[in-house]
Amino acid sequence: MHMYLVVASALCVALLAAAGTAAVATGWVAPWGRRRVLRPKLWGWGSLVGAVGVGVFLFVGPEGGGPSVGVRGVVAWCGWGLFMLGLLVQFLAQRPGRTP
């Protein structure tokens, strides 16, 4: 059962990173997010940061195979903080920028 969770998590992290890469490289955002995202490149960077953060959190922490104590626990929670930072950047990409 653990392997199924690891594969599903890896697939979700890869899809999030692919969406971020597409947004940074081309400005493409998925159809269900186009109406809200005003700055697609910034949203893409937030998606990439979030994918790295959630990947670190999952694969060092809960799905890492061992207990998440000590340094592993600190690294896992730093990954969670990086994921939250990515979500904040994605939120800021949905707000209008400054006008001169």
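Start with the nonpolar patch: α3 gives the most to it, with 5 residues. Helices here are DSSP runs of H or I, at least four residues, numbered from the N terminus. The patch residues are Leu-42, Val-52, Leu-82, Leu-85, Leu-88, Phe-91 and Leu-92. Together they have about 570 Å² of accessible area, by Shrake-Rupley with a 1.4 Å probe, only the protein chains shown counting as cover. A patch takes residues with over 30% relative accessible area and no salt bridge, nonpolar side chains (Val, Leu, Ile, Met, Phe, Trp, Tyr) being joined within 5 Å. A salt bridge means a Lys or Arg side-chain nitrogen within 4 Å of an Asp or Glu carboxyl oxygen.

A caution on the source. This is a predicted model: local features need pLDDT of at least 70, side-chain atom pairs count only at pLDDT 80 or more, and totals for chains, interfaces and linings use all residues. Residues are numbered from 1 along each chain as its sequence is written, and side-chain values use heavy atoms, with hydrogens and water left out.

Next, α2. Both α2 and α3 supply at least two patch residues each, and Val-52 sits in α2. Helix α2 covers residues 40-60. Its buried residues (under 20% relative accessible area, 1.4 Å probe, protein chains only) include Trp-43, Gly-50, Val-54 and Phe-57. Their cover includes α1 (2-26) and α3 (71-93).

Now Gly-53, also in α2. Buried or exposed? Gly-53 is buried, because its relative accessible area is 0%. Leaving out residues up to four places away in sequence, Gly-53 touches Gly-79, Trp-80, Leu-82 and Phe-83, where contact means heavy atoms within 4.5 Å. One of these, Leu-82, belongs to the patch.

Note on methods
The expected span of a helix is 1.5 Å times one less than its number of residues. Buried means under 20% relative accessible area, exposed over 50%, partly exposed in between (1.4 Å probe, protein chains only). Patches are made of residues with over 30% relative accessible area and no salt bridge: like charges are joined within 9 Å, nonpolar side chains (Val, Leu, Ile, Met, Phe, Trp, Tyr) within 5 Å.
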